[in-house]
Amino acid sequence: MMQGHTSLLLVVLPLIFAPITAVLPRGRLTWLATMAVTSICAVLAGMQLMMVIDGGVISYELGGWAPPWGIEYRIDSLNAFMALIVAIIAAVTLPYALLSVEKEIPERQVPLFYSAFLLCFTGLLGITQTGDIFNLFVFLEISSLSSYALISLGRRRQALTSAYQYLIMGTIGATFFLIGVGLIYSETGTLNMMDLAARLPGVADLRTTQTGFAFIMIGFALKLALFPLHLWLPNAYAYAPSVITVFLAATATKVALYVMLRVLYTIFPEGVVAATPTGDLFILSGMFGIISASVYAVYQANVKRLLAYSSVAQIGYMALGIGLGSATSVMASIVHLFNHALMKGALFMAVGALIYRIGSSRVENIRGLGRQMPWTFGAIIIGGLSLIGVPGTAGFISKWYLVLAALEQQIWLVVAVILAGSLIAVVYVGKVIEALYYKPPVEDNISVKEAPMLLLLPTWALVLANVYFGLDTGLSVGMAEHAVETLGIIAK
Amino acid sequence: MSELSPFLIYFLASLLVLASPAMIRNALLLATPVLAALHLFFNIEPGMTASYTVLEFEMVYLRADKLSLLFAYLFTLASFISTVFALHVKDVRQQVAGLIYAGSALGAVFAGDFLTLFIFWELLAISSVFLIWARDTERALNAGMRYLVFQVLSGVLLLAGALLHYQETGSLMFDHVGLNGLAGWLVFIAFGIKSAFPFLHSWLTDGYPEATPTGTVYLSAFTTKVAVYSLARGFAGEEILVYIGVTMACFPIFYAVIENDLRKVLAYSLINQVGFMVTGIGIGTALSLNGAVAHAFSDVIFKGLLFMSMGAVLFRVGHVNGSDLGGLYKTMPKTTGLCIVGAMSISAFPLFSGFVSKSMVMSAMLMENYDYLWLFMLFASAGVFHHAGIKIPYFAFFAHDSGLRPQEAPLNMLVAMALAAFVCLFIGSQPQYLYALLPWEVDYWPYDLTHVLTQTQLLFFSALAFVWLNKQGLYPPELHSTNLDAEWVYRKFLPAGVQRGLAFAHNAKKSTVAATVVHMNSIRRSLSESSIAKYNLSESWPTGSMVLWISFTLVAYLLLDIFIYK
């Protein structure tokens, strides 16, 4: 039972603290509380992962109501790993948040900011923990609503419009998901994932079930920002406060990908990827996404937007992994999910440091800053190399497995697209580095100094993680292999 | 300890250089190649291997045999000479890049498997581009970027080829690959880009002349020679290489003769010399392979010497345009003399290093009955003498007096050049020491009557041709001009094509959209004109198009599900 409490605490702790931070007096106390909560959650998530590895699946019945009637938290190695990613990223982001938030958010909104942050954190963790598909929708809405609020806190007026747009889009996505869940519920009469898994094979051929499945897929494809449903993402990432960009880029789309995997491999019967258009559509949109989003990235004038488009391209890689549908490819997808959280976290943090100093991330404004801010610049270089997939960085590992997976099935076009994506990444990363180092600095920025230590330390923690997981793949690949085994994907 | 791969010495040194004060930096820079050389001589013997397991793959970071050792000796020597030449440079960026670059070249020749090779292949690309960028001009920046794109492309192809090779054979070991199947071809093209095959060569003539005076010396030593080494190991005896090599030896002649930037002339001449090596590899007999690697050895030294002399001129004068130089021998006599030694070596005068190595390839061609191609190579040899042997020293140091009176090159440059010149003469006169290092067993001696006579005849007649053409005013004059090469395709043709294509697509889209709008309007008045025309995947405020796309995707998904996948 102790095990279950850990899993429950992970969700309940931030949920309880969200209103508390809102009423705490202004000042750094709110930050401290949030920091404490995220750190404790990171430790809890680590413990939970250990328990799953040692003792197998954890099942916790909320309020003692037995599933399938009550809500069940069901933790296997895949969602334990996901929860750890979310919690660790939050815990690393928080030290960074202190200064960045003080700079970017008006003082009176700071407590509300942290409150919304904790709600978003609750939602994302909840999605990873729950074993009930309607409960998942609830958590999805918690995380989405709070992230709309968080994005709208950005300094520019466009932040409001972006948040509004994301709200409209996100709501459509969530509604699609809910419609899908409703249709499936009408056929099976259950909302518990394991129960659904047992009942769905019997009704899999019904038109209603298929339509429900389609709604769920498309709804989450939107939350995942799968090309061409990515249009909300560049603006949302570009205009959100720096901390939120870091946090959402590293976690939100990842959690959406997790739900995809869960729906495809746990809830629906074996072989659903191949039996429906899912596999082919994912490959198709993955390939188009990689190429076109990378090309869009090259033409962006704002580094945050450039990285946002690059995120869309990276999501394309993960989609390819799901689309190919083999054990290796899904593993590559999970590894890339983890590695991409590290690299985009590091890069957005470094860009946030630039914004902290000069208040802008436009390419023409950051010129020449690389010489004045060598550590930030170094972080961008290493993060960029990882994004390109240079050996010795985390990015190489996931692309390597993805290429292997494509080669296994002899799909040459996919291999070519993956490699072409890396080549275009060289161009857009090169563009940022060129501006930072090889262009003369703008007059106003001549006296700009290196970012404060409190911003640099978390950034470099993620940068070093990029290098570490490029050399030692024990945790990332090991966990992904474990998760693939749990999902029961057989080698094609 | 003895299984330490020498690249580590360089990489550690580069870290130390970063951390150390300017005072001891030069000592460190000089000590590195010396240490590496000692390590190579005393600790590493043919037949040694060492590996490290990562990601369930065995990374063989040290595979020593006579072939890799020969290149390792060459690279340590070249890095020592280049370091001496660059001793006056205070730019840490170049020093570190130079060390990593030389170290990666060593790592690449000792790499026993494709993964390790790939890693060093990419490191070569990334470290070397800084030697171009370090010039800090807009031109250098752009040229460096283009250079990098080619190099990375080569790496990507190598990785793809290696993976395929792994799929086919289940092994990542880097041995003879051969041109069967896609894997072989991908690896072949990857090597081909780095060794500047025709049409894949423009990164070289585009990038090298833009590098710093000292950077070009480094660049000329490593990248193409690593590629030659890889070709010799992976594709020895592939006949297509003979034809590629002959083309490479011939076509740069024309460009080199009309080119005005003397370092670009040398870049073309570099391709021409690599042509001889590639031909040797293509013939694939023990003699020709020995000739190819021996020629790589002497080429690094004499081409380095020539690049150094032009680097010295660039350093003192600020440019190396043939049309605006001349008469420099009056104030730079030592540089002039050393440049002439390099020129004579590249032209393969007997007693100079080019002669003892190039003649091996030429003899092997005759033995394998490539008579016609041999004539082409003869033409190429004469051409070398023209553009590198005479043109470089003549236009830089003699010709009409330009009035320039620069100082003699700094001492460290002179020492480096003298060192290279000594090696040229030593190999040329005492070839048995170089021959003893060659990987394959061959009994060959260049100094017989036929060889010496043929070569001397060739040289004197082509000197005669130069003198006569010059006297008659027929020799292409040195002009400020832009010569179009293969790079035109991607610098002018493709961008223009893409722009036109985009414009066309844009127009097509516009007219399609307009037509759609008109059509739709006629059916449903309620649909406003602007709402359709705005559905675009990169626009900034996309609520409308998002909704369109999500409904489109859902409908497509359902239709496919119902009609196709049942």
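Is the crossing of H14(A) and H20(A) left-handed or right-handed? The crossing is right-handed, where right-handed means that the near helix is turned clockwise from the far one by less than a right angle, and left-handed that it is turned anticlockwise. The model is a predicted one, in which local features need pLDDT of at least 70, side-chain atom pairs count only at pLDDT 80 or more, and totals for chains, interfaces and linings use all residues. Residues are numbered from 1 along each chain as its sequence is written, while chains are lettered from A and ligands numbered from 1 in the order in which they are written.

Chain A contains 20 helices and 2 strands; helices (H or I, at least four residues) and strands (E, at least two) are DSSP runs numbered from the N terminus. Of its 492 residues, 63% count as buried. A residue is buried if 20 or more other C-beta atoms lie within 10 Å of its own, exposed if 12 or fewer, and partly exposed in between, with C-beta atoms placed from the backbone. Among contacts in chain A with a separation of 6 or more, 80% join residues 24 or more positions apart; a contact requires C-beta atoms within 7 Å.

Two helix pairs of chain A were examined. The axes of H14(A), residues 327-358, and H20(A), residues 474-487, come within 9 Å and cross at roughly 135°. Axes are lines fitted to C-alpha atoms, for helices over the stretch in contact, and angles run from 0 to 180 degrees between N-to-C directions. H14(A) and H20(A) are therefore oblique to each other, since angles under 35 degrees count as roughly parallel, over 145 as roughly antiparallel, 65 to 115 as roughly perpendicular and the rest as oblique. H14(A) contributes A:Ala327, A:Val330, A:Met331, A:Ile334, A:Val335, A:Phe338 and A:Asn339 to the contact, and the residues from H20(A) include A:Ser476, A:Val477 and A:Ala480. By class, the contact has 10 nonpolar, 2 polar and 1 charged residues. Ala, Val, Leu, Ile, Met, Phe, Trp, Tyr, Cys and Pro count as nonpolar, Asp, Glu, Lys and Arg as charged, and the others, Gly among them, as polar.

In the second pair, H12(A) (278-298) and H13(A) (303-324), the axes come within 7 Å and cross at roughly 160°. These helices are therefore roughly antiparallel, and their crossing is left-handed. The contact of H12(A) with H13(A) comprises 17 nonpolar, 8 polar and no charged residues.

Helix H9(A), residues 232-239, is mostly covered, with 8 of its 8 residues buried. The cover includes H5, H6, H10 and H13 of chain A together with H21 of chain B.

Between the chains, 32 residues of chain B are in contact with 35 residues of chain A. On the chain B side, H21(B) gives the most, with 12 residues. That side has 24 nonpolar, 6 polar and 2 charged residues.

A:Arg367 lies in the loop between H14 and H15 of chain A. This residue is partly exposed, with 18 other C-beta atoms within 10 Å. The C-alpha atoms of A:Arg367 and A:Pro441 are separated by 4.9 Å, although the residues are 74 apart along the chain.

The largest nonpolar core has 386 residues, and those with the most contacts inside it are B:Leu305, B:Leu306 and B:Ala420. Such a core is a set of buried Ala, Val, Leu, Ile, Met, Phe, Trp, Tyr and Cys residues joined through C-beta atoms within 7 Å.

Definitions and conventions:
Contact = placed C-beta atoms within 7 Å.
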